[in-house]
Amino acid sequence: MIEVKELHKHFGDLHILKGITTKIEQGEKVVIIGPSGSGKSTFLRCLNRLEQPTGGQILFNGEDLTAMKDAQLYAVRERMGMVFQHFHLFPHLTIKKNITLAPVKLGLMTQAEADAKADVLLTKVGLSDKADQYPNQLSGGQKQRIAIARALAMNPEVMLFDEPTSALDPEMVGEVLELMRELAEEGMTMVVVTHEMGFAREVASRVIFMDDGKIMEENEPQEFFTNPQNPRLKEFLSKVL
Amino acid sequence: MNFFEQFADKLYSTFIEGARWTYLTDGLKTTLIVTFFAVIVGVILGFLIAVIRSTHDKTGKLKILNFLAKVYLTVIRGTPVVVQLLIIYFVIFASVNIDKIFVAVLAFGLNSAAYVAEIVRSGIMSIDNGQFEAGASLGLNYPRTMIYIIMPQAFRNILPALANEFIVLLKETSVAGYIALTDLTKGGDIIRSATYEAFLPLIAVALIYLIMVMILSGLVSKLERRLAKSDRG
């Protein structure tokens with residue numbers, strides 16, 4: 001589904017991604033872990049070109065994202081949902097409008113269809129009673145669940161999560177992870193950058209360890225956590241587990 | 001004659017005699033017309049310039065338009081409004097017989113646009129980049145993100161500053177007399193030169209401006225309170 005070839009990213013003189021090559025298949029749940037500054041968020045943001053790569057290719061269903069014109073790129077983004085660390089809900093719109101804005105303005109659904117879809121999604125994330133409230137009236141965990149619902153409203157083929165629980169109070173992490181777990185069980189293709197090792201172990205079909213702009217190790221979670229090979233990964237795991 | 005009789009006499013000669021008060025009412029009407037249409041010109045042009053400038057800042061596109069906008073802002077903000085008014089009337093429209101109100105609307109509108117543009121731009125730039133990214137990640141292109149996500153938030157943030165600019169504009173139109181347009185200030189001045197009495201007409205003019213500004217300021221703070229409330233902190 002997504003094929004990444006020799007991906008490079010520079011910020012001025014800083015070389016953030018130093019040649020990433022990997023493949024994400026339909027239905028996979030890829031969890032990316034690594035120390036801060038390892039380039040894992042940058043890598044994720046390259047996948048929908050919120051960051052413009054400076055070298056290499058990203059193929060989404062065979063189409064090269066890095067060479068695309070803007071109009072095509074936006075069409076691809078419609079099929080890739082993204083959830084941010086700081087939610088980025090639209091504060092001037094009600095929860096329901098947050099969810100329906102994009103599908104309606106892009107002409108994918110009528111307002112009535114989008115409203116119906118929003119109702120279903122709000123039930124799914126357990127926040128039906130918040131439909132007419134504003135983002136600022138919600139807790140962090142609730143905001144993130146709405147952000148997930150907003151992304152799902154576009155019927156994406158893949159969901160990208162950029163540290164979705166890192167900005168949350170500890171007691172709210174669980175509700176967001178629970179929702180992501182449900183999503184995974186339904187077969188959604190997911191790429192998750194996170195520090196939640198428990199989630200990686202239980203939900204991931206593959207775990208990637210990044211350090212210094214490179215993939216140092218990738219493996220299925222059982223093997224990854226019990227039998228790490230790379231010395232940097234061993235050191236990292238000994239600190240976080 | 002005692003003081004009160006004298007004062008009543010002056011009041012009479014300043015405002016009543018020869019229906020001189022109509023200089024003030026006609027002048028006020030002109031001032032309001034010029035201000036109103038100048039605000040419209042300023043807002044439309046100002047928003048356009050702000051969108052050009054911030055689009056350039058955010059995406060690096062529109063290089064030529066951005067350059068023109070920058071030149072415009074530099075010239076307009078770097079020269080006095082009176083000089084701009086005189087140039088438009090005596091240089092640009094020198095050879096045509098043109099309505100002075102139109103010239104004043106144009107001059108004050110073009111001037112105000114430069115200030116509105118910078119206010120709006122600061123509003124757009126104050127919106128967290130995450131809002132642009134959230135829009136982009138949902139497949140909304142830059143214009144759609146701007147219209148549905150950024151502008152409504154930016155507009156709310158800048159409303160007080162924008163309203164303030166209109167108050168400034170209202171007062172700035174008092175130099176319209178330079179092109180012999182009889183606005184409120186000029187109206188008062190005409191009375192002064194007719195009666196050789198400066199105090200009453202000029203104080204009256206000042207009071208009318210003050211009352212208008214106080215009413216506008218009151219509306220602005222009411223608006224601000226309303227916005228703060230709907231902010232749902």
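1. Between chain B and chain A the count is two salt bridges, a salt bridge being a side-chain nitrogen of Lys or Arg within 4 Å of a carboxyl oxygen of Asp or Glu. One of these joins Lys61(B) to Asp70(A), with the closest N and O atoms 2.9 Å apart.

2. This is a predicted model, in which local features need pLDDT of at least 70 and side-chain atom pairs count only at pLDDT 80 or more, while totals for chains, interfaces and linings use all residues. Residues are numbered from 1 along each chain as its sequence is written, chains are lettered from A in the order in which they are written, and side-chain values use heavy atoms, with hydrogens and water left out.

3. In the interface, 22 residues of chain B are in contact with 25 residues of chain A, contact meaning heavy atoms within 4.5 Å. The area buried between the two chains is about 2100 Å², of which carbon and sulfur atoms give 62%; buried area is the accessible area (1.4 Å probe) that two parts lose on being put together, summed over both.

4. In chain A, four strands form an open sheet in the order S2-S1-S4-S5, with antiparallel pairing; strands (E, at least two residues) are DSSP runs numbered from the N terminus, and two of them pair if DSSP finds at least two bridges between them. The edge strands, each pairing on one side only, are S2 (14–24) and S5 (63–64) of chain A.

5. Strand S1 (residues 2–11) of chain A pairs with S2(A) over eight bridges in the antiparallel sense, and Phe11(A) has Leu14(A) in S2(A) as its bridge partner.
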